[in-house]
Amino acid sequence: MADFDRQSEFYFNHRKRILLILVIGVTSILLSRLFYLQVIRKDYYSKLAISNRIQRERIVAPRGVIKSSDGSKLVVNVPVYQISVVPGKLAGKEERLRLACDWLDIDEEKMFLNLVEWTERYPDGREMTVVQAAQKSQISILMENRAFFPFFKLVMKHRRQYPEGDLASHLLGYVGEVTDEELKGEERFSVGDITGRTGIEFMYEEYLRGEDGVRIVEISAEGIRVGEYDMIEEDEVFEGFVQSRPPVPGCDLILTIDLDLQKAIEEAFDWDKGCVMAMDPETGAVLAAVSRPGYDPNIFMGGISADDWNELFADPDKPLFNRIVQATYPPASTFKLISAYAGLNFERVSRTERFEPCYGGYQFGNRYFRCWKPEGHGSSALFDAIVNSCDVYFYQLGERTEADEFAYAGRLFGLGRKTGIDLPSEARGTLPDHSYFDRRFGKRKWTKGHLLNLSIGQGEVLATPVQLCQMVAMIANNGERIQPHVVDRVVDSEGATVFGNDRSSITIPQIDQKILDFIQNAMEDVVTGESGTGRACAISGIRIAGKTGTAQNSGNDHALFVAYAPVENPEIAIAIVMENAGHGGAVAAPMARKIFSAYFNPHISSRGDARQDDVRPASGKPDGEGRRMARTDTDRLDRAGR
């Protein structure tokens, strides 16, 4: 019995020792772990705990404002509150979401349908915007019920607004939310960002887009925003961990657009398809530009629906198409200025030589080329041929002139190449030469007949309205090449100019000034001469030089007109294209008169009903170097060789 008791005590003590060892071991492990967590990893877990309590919030930088030349705001930012749903916080709270839809006046069925599509498209749990610009009542409901609706996120954003609606819409462009492809391709973008899509908004994106800031906010255990975290930068614990910084607004753009003239042209241009461009011939500054049909860029800011976008995109009149720089047209008789220059420059004709009389058409081989005037113009020299826009005269000039000679003259005045205007998607146009015809039709498979068409601006030659405006501006400024531009300068948030467009011109030494004088004089007679085709543009007291054009196409003719004024000291050059409107002299020239009337006396209605005496005299700017002094009629006729 005593042996049994000693044996039991031995086993009991042995178990006690084992238990003690286990207790000591476990305690040591726990203490070691606590020491590791509390002492060695103190900083790490402190920051981790803080990160659960505070979060960084990106402060989107306001986009730069766009202003006209007089400082009027054409594009601004307006603050709006955006409501989004966070899919990751919605699990088990579907009934609350239904209630929220009722309180916030949101279509419940559409909300759930969109949410399903959204989560399938973006499984990463990104927020889905449900209200682009919340009303005050909606904001109040969410603010008062933040704990009950934790799946909603209310964020203040800057929304782009175009106060003038569709005014200059093709110049200004519009913005849109970045796509998935852009998010993958560029680190500077975040979900929900906007970026320029067309026009100036697109071309100057790097300036308009500011630098985003960071705000540190405190979050409750339920994930609800409590408030901003103050003094974060003064605590050593957070040094290098979180920092707040204010956003840097984007730069402002100051345009060359004359707002009064722009409005006047928008009012005067009462045609459904076409465009007008007005430019300072000395600097290339675009004073105004209108492309029709237009659109209101504000429609994109609320998030345009797929149906609305498809309707807009499929519109046969192409309202999104910027005809100023993207459309190419046969220059028609405005090209006769180039043909005349080529003929004189390469001595294919003299100023006084008369060709065979015009009887309304010209027989060339087995083809009969018609003049626009069926009864004919009779016998003409080059000056009258320009003034009367006689096709038969230019057919005969085309018969003498080589394709490369036409192309040479056209290139001197900027045709066949991009002007470099600061607008996207500019077309190059077509200025055919010998090589072009060979490629187009094959060697020895094209004839002089193609050049007869080319001589009157038909056939293969195509030009954009901005090219035509640059061409007439170069004629006005005595052959100085200027680069059209819409933005005058870029100014940062501190008011410093960070970019300015080059206003200088380039002298083209190959341009013959005597030939240019001849063409300038003929252009003035187009407007003032008894038989000039542009007489409908004439304004008493203003010397205007112009050239009409009527471009044939598959439908009704396009009406064209290019002009500048005042002749003695040009301030404004314009190009007008009115699709399917008829003859240039009958339709486009009167439109030019309205524009010149609005420019020289902006207080008079742009509809051109001003009394002739009300239009201010063409005093213009002081005559400077390189500018032509006013010439007498005798001088003009002498130069014309008449």
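Helix α10 itself spans residues 259-268 and is mostly covered, with seven of its 10 residues buried. These buried residues are Leu 259, Leu 261, Gln 262, Ala 264, Ile 265, Glu 266 and Ala 268. In an α-helix there are 3.6 residues a turn, so residues three or four places apart point the same way.

The protein chain as a whole contains 21 helices and 21 strands. Of its 642 residues, 49% count as buried. Among contacts between residues at least 6 apart in sequence, 72% join residues at least 24 apart. The chain exposes about 31400 Å², of which carbon and sulfur atoms supply 50%.

Confidence in the prediction was also examined. The average pLDDT of the protein chain is 87, and 89% of the residues score at least 70. Over residues 605-642, by contrast, pLDDT stays under 50. For this stretch the model has 86 contacts beyond four places in sequence.

A pair of helices was considered next. The axes of helix α12 (residues 336-345) and helix α19 (residues 513-528) come within 10 Å and cross at roughly 145°. The crossing of the two helices is right-handed. On the side of α12, the contact is made by Leu 337, Tyr 341, Leu 344 and Asn 345, while α19 contributes Ile 515, Phe 518, Ile 519 and Met 523. Seven of the residues in this contact are nonpolar and one is polar, and no charged residue takes part.

The loop between α11 (306-314) and α12 holds Thr 334. This residue counts as buried because its relative accessible area is 0%, where the cut-off for burial is under 20%. Leaving aside residues up to four places away in sequence, Thr 334 touches Leu 468, Met 471, Lys 547, Thr 548, Gly 549, Leu 560 and Val 562.

Conventions. Residues are numbered from 1 along each chain as its sequence is written. This is a predicted model: local features need pLDDT of at least 70, side-chain atom pairs count only at pLDDT 80 or more; totals for chains, interfaces and linings use all residues. Side-chain values use heavy atoms; hydrogens and water are left out. Helices (H or I, at least four residues) and strands (E, at least two) are DSSP runs, numbered from the N terminus. Buried means under 20% relative accessible area, exposed over 50%, partly exposed in between (1.4 Å probe, protein chains only). Contact means heavy atoms within 4.5 Å. Accessible areas come from the Shrake-Rupley method with a 1.4 Å probe; for residues, only the protein chains shown count as cover. pLDDT is the predictor's confidence in each residue, from 0 to 100. Axes are lines fitted to C-alpha atoms, for helices over the stretch in contact, and angles run from 0 to 180 degrees between N-to-C directions. A crossing is left-handed if the near helix is turned anticlockwise from the far one by less than a right angle, and right-handed if clockwise. Ala, Val, Leu, Ile, Met, Phe, Trp, Tyr, Cys and Pro count as nonpolar, Asp, Glu, Lys and Arg as charged, and the others, Gly among them, as polar.
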